[in-house]
Amino acid sequence: DDRVSAGKGVARLFKVGDVKRCRVLGFSLIDRLAMVSLRPSVLSQPVLRYDEIRPGNRYEVTAKAFVDSGALLVELVRGVTGIIPELHLADARLRRPHEKFKPGTVLSVRAILVEPKRKYAVFSAKKSLVDDRLPPLVSWEQAAADGPKSKFTGVVRAVSPAPGLVVAFYADVRGFLPLAELGIPSLRTKEDLEKMFPVGKTIAVHVAACRPADRKLRLTLSEAPSKLELYKPAADAAPPPPPGTLL
């Protein structure tokens, strides 16, 4: 940082053929050039902007304050903030979350959702998600491509009158787990489901079938084969490196 900004010794520090670690800051389509930074202060940051946050990735955030909805406002880096909904503060409901998450507390979280245009990010501090070893489900295409028997961890979002469970994953991906797929004879009604699978409970499920075009995802607790044709995404050409990429 200091040596380069002073404009001294550039030829000594950067020689033709040297390999340097850098971070992409932008891309000029006209010049076909990537704009990068080699500053250690830039390389050390997990992200620089909202569009660099990846749903499913782990991050370290700092607690700032609670908002009226009960969510916790957190800061990822300077200028990039987000919230942890009350449902995602812990695996179990907390009676006094203000005592556990005081301003300045550093938390390990996973990114749940990000909307860069709105400068909006949602994180989860649930230990069952943060420490989860299963791959995060971040798109409908991923569920279809991985096919039946693929297993993911989600959170019960609602109990449907169908009856069944609405399970939420990352990047606004949701699926339906029918009562029949639970394989628990004692569960017969919506009320039974609400008692055993309350909203906010973490659950590991298998993909039974997925149709990305219709945003339909059917889940099961067993490794049942799918009866629906799986969507196979076309192979696209590799795009230029997005901002925030470490090279």
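1. In this predicted model, strand S4 (residues 72-77) pairs with S5 in the antiparallel sense, and five bridges link the two. Within this pairing, Thr-81 of S5 is the bridge partner of Glu-75.

2. S4 and S5 form a hairpin, with two residues between the strands. Gly-79 lies in the turn and has a positive phi of about 90°.

3. Val-80, Gly-82 and Ile-84 make up the covered face, whereas Thr-81 and Ile-83 make up the uncovered one. In a regular strand, side chains alternate between the two faces of the sheet.

4. As to the overall fold, the protein chain contains seven helices and 12 strands. Of its 247 residues, 37% are buried. Among contacts between residues at least 6 apart in sequence, 54% join residues at least 24 apart. The chain exposes about 14800 Å², of which carbon and sulfur atoms supply 54%.

5. Confidence should be read by region. The mean pLDDT of the protein chain is 85, and 86% of the residues reach 70 or more. Among the elements, strand S7 (residues 120-124) has the highest mean pLDDT, 98, and helix H1 (residues 2-5) the lowest, 54.

6. A further segment concerns residues 224-238, over which pLDDT stays under 50. For this segment the model has 22 contacts beyond four places in sequence.

Technical notes: Residues numbered from 1 in each chain as written. Predicted model: local features only at pLDDT ≥ 70, side-chain atom pairs only at ≥ 80, totals over all residues. Heavy atoms only, no water. Helix = DSSP H or I, 4+ residues; strand = E, 2+ residues; numbered from the N terminus. Buried < 20%, exposed > 50% of the residue type's maximum accessible area, 1.4 Å probe, protein only. Contact = heavy atoms within 4.5 Å. Areas by Shrake-Rupley, 256 points an atom, 1.4 Å probe, with all protein chains shown as cover. pLDDT = per-residue confidence, 0-100. Pairing = 2+ DSSP bridges.
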